[in-house]
Amino acid sequence: MTRIRRAIVLVSVLALVLAACAAPDAEEDTTSTAAPSTTAADSSDTTESSATTEATTGTGCDEPIRIGVLQPLTGGLAASGTDAKNGFELYWQNHSTEVAGCTIEFRIEDTGGNPDTALQKVDELVGNYGADIIIGELLANVTLALADRLKDNPDVIFMAPIGSADDLTQRTPYPNFIRAGGWTSSQTSHVLGSWAADQGYERAATFCTDYAFGWEMCGGFTQVFTEEGGTVVSGEQLWNPLGSTDLGTYVTQLSGFAPDAVFVLQVGASVSDFFQNWSDFGISGQIPILAGEVTADVSNIRNVPVDQVEGLISSGHWAEGRDAPETQEFVELFDAATGLLPSYYAAATWTAAQYIDATIQAMGGDISDKAATLETMRGLELLTPFGPSVLDEFGNPIYDIYIRQVVVRDDGRVWNEVIDTYENVDQFWPKSADEYLAQPVYTREFQGNAGG
Amino acid sequence: MVRSLSTTALVKIGLAVLGIAFGVAAPYLFSSFVIGLFSLALIGGLFAQSIDLLAGYAGLVTLGQAGISASAAYGVGYMASRVGAGLPAQLAVGLIAGMTAALVFGVMAMRSDGVYFIMVTLAQGMIVWGLSIRLFRITGAENGLTGIDRPAMIDAYWKYYYFTLLVVVACWMLLGIIVHSPLGVSLKGLRESETRMRMLGYNTTALKLYVFVIAGFFATLSGILLVYLNEFISPSAVVLAASAIGVLEAILGGVGTLVGPMIGAFVIVFVQNVVSIYVARWPTLMGIVFVLVVLFARRGIVGAISDVWYRRIAPGAADPLSTVIAGRDTPGL
């Protein structure tokens with residue numbers, strides 16, 4: 001009996017260890033590799049100002065500038081979170097961490113996608129580590145929780161390059177919050193709605209995941225498409241629960257509507273399931289799909305059979321196949337480092353790092369006045385992997401938004417190439433800020449198709 | 001015999017005094033981060049105790065307890081964030097929401113037991129989760145509710161920690177009274193054999209409803225404490241994992257005890273938040289710990305310690321825990 005027990009334990013422990021080792025590159029320590037001396041041991045020091053000694057090498061700084069990064073490195077979002085982590089680290093591997101005489105240190109912490117954990121860790125990063133800048137999470141709810149926690153702390157700048165909840169920079173902005181390198185959900189789907197109307201599509205159906213991000217993406221498309229002459233009947237707007245994996249029933253319903261086009265926003269494992277069903281039911285090529293940015297993101301479509309996604313149209317602020325040096329330089333670096341084409345998660349944290357770098361340079365290394373630092377960051381005009389980027393008064397980027405098409409590269413991998421560009425699109429486009437903010441945030445009930 | 005019993009009692013009292021003294025001294029010893037974790041662990045421990053009252057004492061394993069605590073948290077959050085009401089209204093609505101959920105869920109679950117009880121409570125938790133995602137106007141859906149502020153009097157992190165400590169210790173004592181009362185004894189009867197209890201003339205259905213509502217009350221308090229600690233509530237507080245972690249904390253620490261769930265909560269919170277700073281693979285570590293506990297210390301950390309205590313140090317004294325699992329294998333544990 002005891003022998004059997006021991007054997008079971010041994011086997012399960014071995015299995016767990018093996019499972020742990022097999023996973024790609026989350027093995028390394030969560031502390032940064034670029035920062036010279038930030039061992040995690042420093043941080044357990046309970047005294048408030050543990051001035052590290054080597055910081056005196058710079059001219060502008062008594063202390064290093066510290067950046068805390070919170071991403072989900074375990075759990076269901078680990079793949080995307082790891083992309084984000086890699087993008088940030090890659091920037092500092094290719095740029096000096098000595099900026100304007102200051103040493104830049106950073107620490108990357110795992111949130112597991114859980115707001116409780118994220119809130120504890122941000123307290124640790126601010127209180128113990130002494131972070132000047134916090135870079136926020138993938139998930140909207142975690143990002144909102146962090147923004148709320150940090151709003152009363154004037155000594156910290158909070159950047160969220162990925163979490164895209166509309167209201168963070170719209171109806172409930174936070175003073176020390178800036179979305180450099182980020183986006184709002186509906187910013188990209190507004191453009192796709194307009195583009196669809198220009199193609200002559202008259203009636204569109206939508207199929208989005210039933211949560212805040214899906215409502216915002218779908219609402220952005222639906223409102224602009226209907227305002228520019230298209231029709232979206234609310235009975236032809238389908239919503240599937242987050243994480244659902246058999247989308248066959250939805251796909252047959254969609255084909256039954258026989259619309260001119262379908263706007264689709266799926267996330268995670270639902271993406272490949274959707275394309276599989278779409279192909280199985282023989283609808284491919286009959287009804288054009290217009291995809292939301294994340295659905296066509298390279299992190300999602302790299303696992304889908306090529307013939308199911310080739311030619312897929314989507315809109316986005318990120319296009320890894322964009323033919324411009326600032327984009328391709330980053331794509332090649334990322335590919336060389338990880339063997340993958342970069343997702344928008346990676347581009348976002350790289351761009352956030354680029355903003356930090358440029359801001360510290362512009363401030364001459366002294367970022368102790370956080371209000372002035374934020375002001376400087378808002379005023380920057382940068383050429384990022386996304387393209388030219390400036391920030392509006394709410395701290396949200398004004399970008400070129402691309403209509404993208406999935407193309408098979410020479411090496412057999414798929415990526416998104418640009419087929420049309422809408423220049424200088426802000427988060428309210430095509431409306432003015434006042435007009436836009438007078439309406440409620442997109443939900444299932446409010447999709448902007450009046451009387452639809 | 002008498003002497004060894006009193007040694008056991010003395011040690012227990014000594015440990016309790018030490019624990020409270022340590023709890024009171026903690027803010028002078030540790031950083032704000034660690035104190036935040038203490039608050040989180042105390043709240044998690046209270047939550048796990050409410051699960052253990054059902055699972056360990058009454059033999060009713062629940063996988064939906066987070067539905068009750070989150071209902072309370074959403075009640076507070078709604079009044080604070082959407083209505084802008086004051087503290088009394090926030091607390092009142094929080095309590096009413098949590099207790100209503102407990103009562104309704106109790107009525108739904110009181111006729112089932114074993115695996116069916118697990119499935120019913122699982123469904124209840126998922127109902128609250130579904131509503132939290134759907135009812136945008138009330139819950140803010142995925143975005144959650146922000147703009148919840150702690151009462152000004154206990155706003156500072158250490159003040160809130162002391163407040164949490166006070167509430168949790170008070171609840172702990174109350175739970176201690178409950179499990180040693182005639183009600184508590186009849187709960188153990190329920191766990192050992194429901195049919196026998198019914199034959200003895202107990203209304204086991206009503207008994208299950210009582211214990212469900214009582215456990216729901218403590219879950220409600222933990223939900224209210226948590227929402228003021230985080231000043232935030234979102235659907236991730238209602239996911240299945242949130243309920244399951246409470247069950248795991250109880251198992252890890254030792255089911256059928258009150259100190260066990262608290263110990264389990266401290267272990268899990270610290271692995272999750274401190275060990276993860278050094279070890280990227282902390283979920284694997286937790287998995288290994290669980291496997292080892294389930295195989296070698298089926299009665300959890302507390303059970304293992306009491307084993308050693310009664311076998312080596314105070315032999316001859318009756319081990320009050322030995323009947324907990326030995327009596328019969330509780331389904332689902």
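Two residues are in contact if their C-beta atoms, placed from the backbone, lie within 7 Å. On that basis, in this predicted model, 39 residues of chain A are in contact with 34 residues of chain B.

**The interface, seen from chain B**

Three helices of chain B, namely α2, α12 (259–278) and α13 (282–296), each give at least two residues to the side that touches chain A. The largest share of that side, seven residues, belongs to α13(B). The table divides the residues of this side of chain B by kind.

| Kind of residue | Residues on the side of chain B that touches chain A |
|---|---|
| Nonpolar | 16 residues |
| Polar | 15 residues |

**The nonpolar core**

The largest nonpolar core holds 218 residues. Those with the most contacts inside this core are I134(A), F158(A), V262(A) and A73(B). Helix α2 of chain B (residues 32–57) provides the largest share of the core, 17 residues. From chain A, domain 1 (51–183 + 325–398) and domain 2 (186–323 + 399–437) each contribute at least three residues to this core.

Leaving aside residues up to four places away in sequence, A73(B) touches G223(B), I224(B), L226(B), V227(B), I233(B) and A237(B).

**Confidence in chain A**

The average pLDDT of chain A is 85, and 86% of the residues score at least 70. Residues 17–59 of chain A have a pLDDT below 50. In the model this stretch has 60 contacts beyond near neighbours in sequence. Where pLDDT is low, the predicted coordinates should not be read in detail.

Terms used: Residues are numbered from 1 along each chain as its sequence is written. Chains are lettered from A and ligands numbered from 1 in the order in which they are written. This is a predicted model: local features need pLDDT of at least 70, side-chain atom pairs count only at pLDDT 80 or more; totals for chains, interfaces and linings use all residues. A nonpolar core is a set of buried Ala, Val, Leu, Ile, Met, Phe, Trp, Tyr and Cys residues joined through C-beta atoms within 7 Å. A residue is buried if 20 or more other C-beta atoms lie within 10 Å of its own, exposed if 12 or fewer, and partly exposed in between; C-beta atoms are placed from the backbone. Helices (H or I, at least four residues) and strands (E, at least two) are DSSP runs, numbered from the N terminus. Domain bounds come from an automatic or database domain assignment. pLDDT is the predictor's confidence in each residue, from 0 to 100. Ala, Val, Leu, Ile, Met, Phe, Trp, Tyr, Cys and Pro count as nonpolar, Asp, Glu, Lys and Arg as charged, and the others, Gly among them, as polar.
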